[in-house]
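Please open the model in your viewer and keep the sequence panel beside it. The stops below follow one another, each with something to select.

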Amino acid sequence: MAVTLDAQLLEILACPSPDHAPLRPGTPDDPDADALTCTECGRIFPVTDGIPVLLLDEAESPDESDDTSDDGA
Ligand SMILES: [Zn+2]
């Protein structure tokens with residue numbers, strides 16, 4: 001199921017990260033995915049029941065550390 005958001009709503013929505021960039025429907029891998037992708041930072045936000053979840057905590061970062069990045073701790 002593709003995301004069915006109005007173009008108007010998409011114009012209002014913006015990435016919650018400091019870039020505040022516009023969002024595109026779908027993901028780079030799957031344009032029909034229930035998700036929105038930031039055009040600037042590339043974060044992927046889930047869309048739950050047609051409602052975009054624009055929270056950085058819920059976003060999927062494009063460079064999610066696949067490699068074992070050691071950030072201390
Ligand atoms: Zn962004």
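Two strands are said to pair if DSSP finds at least two bridges between them. Helices (H or I, at least four residues) and strands (E, at least two) are DSSP runs, numbered from the N terminus.

This is a predicted model, in which local features need pLDDT of at least 70 and side-chain atom pairs count only at pLDDT 80 or more, while totals for chains, interfaces and linings use all residues. Residues are numbered from 1 along each chain as its sequence is written.

**Whole chain**

Start with the protein chain in cartoon view. One helix and four strands are present, and from the N terminus on they run α-β-β-β-β. Of the 73 residues in the chain, 16% are buried; a residue is buried if 20 or more other C-beta atoms lie within 10 Å of its own, exposed if 12 or fewer, and partly exposed in between, with C-beta atoms placed from the backbone. Among contacts with a separation of 6 or more, 21% link residues 24 or more positions apart. Two residues are in contact if their C-beta atoms, placed from the backbone, lie within 7 Å.

**The sheet**

Next select the strands. The four strands form an open sheet, ordered β1-β2-β3-β4, with antiparallel pairing. Its edge strands are β1 (23-25) and β4 (51-52), each of which pairs on one side only.

Begin with β1 and β2. Strand β2 covers residues 35-38 and pairs with β1 in the antiparallel sense over three bridges. Show Arg-24 and you will find Thr-37 of β2 opposite. Show Pro-25 as well: its bridge partner in β2 is Leu-36.

Now move to β2 and β3. These strands run antiparallel and are joined by three bridges. Thr-37 has Ile-44 as its bridge partner in β3, and Ala-35 stands opposite Pro-46. The hairpin of these two strands has five residues between them, and there Gly-42 takes a positive phi near 80°.

Finish the sheet with β3 and β4. Two bridges join this antiparallel pair. Val-47 stands opposite Pro-52 in β4.

**Inside the model**

Stay on β2 and show its side chains. Which residues cover the two faces of β2? Ala-35 and Thr-37 lie on one side, Leu-36 and Cys-38 on the other, and all are buried.

Now select Cys-15, Leu-23, Ala-35, Leu-36, Cys-38, Ile-44, Phe-45, Val-47 and Ala-59. These nine residues make up the largest nonpolar core. β2 and β3 each supply at least two residues of this core. A nonpolar core is a set of buried Ala, Val, Leu, Ile, Met, Phe, Trp, Tyr and Cys residues joined through C-beta atoms within 7 Å. In soluble globular proteins, nonpolar side chains tend to be buried together.

**Loop residues**

Select the loop between α1 (7-12) and β1, and pick out His-20 there. His-20 has a positive phi, near 50°, and is not a glycine. Is His-20 buried or exposed? It is exposed, because 10 other C-beta atoms lie within 10 Å.

Pro-16 counts as partly exposed because it has 17 C-beta neighbours inside 10 Å. Leaving aside its neighbours within four places in sequence, Pro-16 is in contact with Leu-54, Leu-55 and Leu-56. Draw a distance from Pro-16 to Ala-59: their C-alpha atoms are separated by 9.7 Å, although the two are 43 residues apart along the chain.

Go on to Ala-33, in the loop between β1 and β2. With 18 other C-beta atoms within 10 Å, Ala-33 is partly exposed. Its contacts, leaving aside neighbours within four places in sequence, are with Gly-26 and Thr-27. From Ala-33 to Val-47 the C-alpha distance is 8.9 Å, for a sequence separation of 14 residues.

End at Asp-49, in the loop between β3 (44-48) and β4. The hairpin of these strands has two residues between them, and Asp-49 in the turn has a positive phi of about 50°, although it is not a glycine. Why does Asp-49 count as exposed? Asp-49 counts as exposed because it has 6 C-beta neighbours inside 10 Å.
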